Amino acid sequence: MVQSPKTVVVIGNGMVGHRFCERLIEFDRERTCNIVTFCEEPRPAYDRVNLTKYFEHRQADRLALATPAWYEQNRITLFLGDRATEIDRDRKVVRSARGKEIAYDILVLATGSVPFVPTVPGIDKTGVFVYRTIEDLELIIGYGQTAKKAAVIGGGLLGLEAAKATYDLGLETHVVEFAPRLMPRQIDDVGSKVLVGKINALGVQVHLNKNTKEILGNGKVEGMAFADGAELDVKMIVVSAGIKPRDDLARACGLMVGQRGGVVVDDNLRTSDPAIYAIGEVALYGGLIYGLVAPGYEMAEIAASNIVGEPRVFKGADMSTKLKLMGVDVASFGDCFADIPSPQTPSGARGSLPGKAITYEDPFKGSYKKLVFNQEGTRLLGGILVGDASDYGTLSILAKSSDTLAMTPTEVLLGNCNNVSKAQICDAIRLKNLCSVDEVKACTRAGTGCGGCMPLVVDLFKAQIKAAGKKVNNNLCEHFPVTRQELFEIIKIKQIKTFDDALASHGRGNGCEICKPAVASILASLWNEDVITQTTIQDTNDRFLANIQRGGSYSVVPRVPGGEITPEKLIALGTVARKFGLYAKITGAQRVDLFGAPVQHLPDIWEELVNAGFESGHAYAKALRTVKSCVGSTWCRFGVQDSVGFAIRVENRYKGFRAPHKIKSAVSGCIRECAEAQSKDFGIIATEKGWNLYVCGNGGAKPRHADLLAGDIDDETCIQYIDRFLMYYTQTADRLTRTSVWLEKMEGGIEQLKNVIIHDSLGICAELERMMQHQVDTYQCEWKAVVNDPEKRKLFKQFANTEETEPTIEFVKERGQQHPGPWTGAFVASAELMLRKGETNQPAESDQADSPAPLLPFSPSIDEARWIQVGKVWDFPKDGGATIKYGKTQIAVFNFASRGAWYASQNMCPHRREFVLARGLLGDAADKPKVACPVHKKTFSLETGKGMSDKEFAIQTFPVKVDGDDVYLHLPSIETLDEMFATEKTCNGSCHDGGQEKSKALPVRKARAGDVLMAATAE
């Protein structure tokens, strides 16, 4: 039965009211709603959050969220400049100031709020303004031409925005705040102190603890008098002391309102009248008024969903916010006051508080950070950032998660894994005369955790070196005295095809975990040859054609171009996941990820997927990952171009293309932007005339909106520009640099990029197109090449000396699937992993020393150890490692052929107890051989086992010899070795069902540097 249309009347056309209209159109697929909205302002909804920018351009249309034409196109009746004045609930009618009378089936109150104006004598004088609408701003601009001094009453978010406005008008500006700190609802006293210092430094004067007694002047503002007897000489006042819900219509028609204002709503955002909803700043939910736009948007979406019969509930909203106030970054997220007793908390009852805080303040740089954790330190509850809010994205996500933190609170505090501040890094570079990034890492431990802070570490290092008047060393690493860009040109011009040739002609030493993957990427970008042929210069992801995950397992991500997939392929994915016990997840990029594959199962898994028609998705590579799409004109009523078809074409063209960093893309079928193309490295949005091409966007922890490169272009021109853009980026960007960062550092920015890509200012576009076409013509599915080659399949064996396999990680069941169990501790203390002869009740000397004792290779007595043949020379890849199994112990054996040497060590990295060291990259530092763990890039000496990037870690090493084609290790008895290194004893959790009881000696604490024990030697 066809539903008769119902009329939905929206009172209020601000940001939230407009968002409601958008969402109702989107959700109302059957067009069952006729929408009518009242807007009392002379223009439709505009961006009130960025109101201050009006002072820069004075153009109201640049703040517009929609035009009257948009409402007309979407069949929304818009009454501009007409205020709703009465709600007749009995007749279900809304009346307006201009005499309109509109019947409704559903009414939505989106009336927002009005500025709170304190009842101070003289507040009605000429020269007093509020800060809420564009009309308010025009009045302020006009009056500001005659006034020289202005005060803003209110030191909250809106007050500081207003202060920025008067400051930009060239007025002497004062901020007057009743509370003892600025932004009292968002930041604490220390954060306020830092913010005040920054604002005062601009020349804006802040007055705290000021209770305005009277506005002075004869008819117009001449000054302010305070309760403490002080006076302030100003000629203009802007009141921005908060807001109050605009609930007058609700009160008049008898809806339930709160004691302090606001229309009471339930979980569905209905008021006390089921036919009336309230959203945004007028709505009172759970006793709270949400004064930010993000919660209002969430309310708008939920109300729209409920109205079309798709029930959703509102359970409160995140009040996190990140702003730039007076040029100062300020952010707060989560429960940033969870460590402070409420007025009801008994004195001294701090044990009952949910949180504990750690803080960091840099008075020289004017930054402050406070993070609040639960009592156990296992969850981040909230925080405050002032002066530097670059970590806001990462930290706010952590605060929303209910998962146990993988780091200690101290490690989380300063924005990196190892509790290193920017100031500490800069001081170390300057005071200790550090000469390389590696020295910075070794000295400060910055960049030795997850690696996410490395770009910042590199930038800080270069800035400090330049500030000291020294020449900045932009060399790729100690092995190549050139930049990545220079090395790209060298390899291109000289037609170099291998890492060994590049090292021999333009490098030195044996390479490392920096230059090997960088050269591998350059070779792939230029020649597009099978990466498996040079397997040991690839990082673990490219070496095994899969993305390494926790515990050393891998994820399987087949390519699904444009997100379009047949039912047969969906069935094939489910069959493979069920057969191999993989965790399945649909990602935000329209792909199906299968997690938990051990390395030895990868060829078998991919054989089935290749037979089902899948190709490698390159989720493991610094390459094109995905091209996301909406359904476009194929299905969507708003689509103006075939976004799916074009996305598939784009993805199939650039699949496998290697670059300095991963690349993501999207194609949207209309300007509604459902594929989120403007947050991608390159994004394409359909227009009536063709496509708009955006470049250098980025989501993630530090989002960046993409820039428009070209508009209204046809398919072929779009492809041509993308060819040029990707190849130019690949030739000129530094290693591990996203397109967003590359453009931000480019002199001339987007205009320079347009000159190169569109206008061919460098005369290289034909060459860029030729190089990209070579990539397209020589593409082959890497996994198909592996599964069809028995020799390549051997590279994925778990053990080089046996066909046996064994688990190395505990899995737990949750929501019908399995995933890795939690890490049992920070890492295993090296003291517990050292082989030692004899036991003593005395503490090791190193336990009480300031520096670690030397770690020596195990040297057992003659009658205990013997040489054990563990394989043939060809079982171990040149300049790489493989794992052997001896008893119940895994040992990594390394054929460091370029040094003419062999090494062996435990296969378990002590950082997270993951059995992966044999898959690490070999290299040297100051001519000392090392291996880099593939999981978190911890480096270890292959000679001594000492941690090189982090002194708190160490591994056990073993002697190796080669006799003819046979490889031998000097090992103790199986019983001795298994006592300390058996996989079942050292893995995370109970990885071996039915295995021996886990060793009670394995600690779950963080080891001290002195925990390294010297192995006992025979007398």
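C39 is buried, because its relative accessibility is 4%; buried here denotes under 20% relative accessible area, exposed over 50%, and partly exposed the range in between, with a 1.4 Å probe and protein chains only. C696 is likewise buried, with a relative accessible area of 0%. The structure holds zero disulfides, a disulfide being a pair of cysteine sulfur atoms within 2.5 Å. The model is predicted, so that local features need pLDDT of at least 70 and side-chain atom pairs count only at pLDDT 80 or more, whereas totals for chains, interfaces and linings use all residues. Residues are numbered from 1 along each chain as its sequence is written, and side-chain values use heavy atoms, with hydrogens and water left out.

In soluble globular proteins, nonpolar side chains tend to be buried together. A nonpolar core is defined as a set of buried Ala, Val, Leu, Ile, Met, Phe, Trp, Tyr and Cys residues joined through side-chain atoms within 4.5 Å. The largest such core comprises 63 residues, and F480, F682 and L753 have the most contacts inside it. Helix α22 (residues 715-732) supplies the largest share of this core, nine residues; helices (H or I, at least four residues) and strands (E, at least two) are DSSP runs numbered from the N terminus. Residues up to four places away in sequence aside, F682 touches residues including V650, Y654, I722, F725 and L726, where contact means heavy atoms within 4.5 Å. A second, separate core has 55 residues, among them V36, I102, L107 and C253.

Helix α22 also packs against helix α21 (residues 643-654): their axes come within 12 Å and cross at roughly 35°. Axes are lines fitted to C-alpha atoms, for helices over the stretch in contact, and angles run from 0 to 180 degrees between N-to-C directions. On the α21 side, the contact is made by F646, R649, V650, R653 and Y654, and on the α22 side by D715, E716, C718, I719, I722, D723 and L726.

Attention now turns to a pair of strands. Strand β4 (residues 84-88) and strand β5 (residues 93-96) pair in the antiparallel sense over four bridges; pairing requires that DSSP find at least two bridges between two strands. The bridge partner of I87 is V94 in β5. The two strands, β4 and β5, form a hairpin with four residues between them, and K92 in the turn has a positive phi of about 55°.

Finally, Q59 lies in the loop between α2 (54-57) and α3 (68-73). Q59 is partly exposed, because its relative accessibility is 35%. The C-alpha atoms of Q59 and I134 are separated by 9.8 Å, although these residues are 75 residues apart along the chain.
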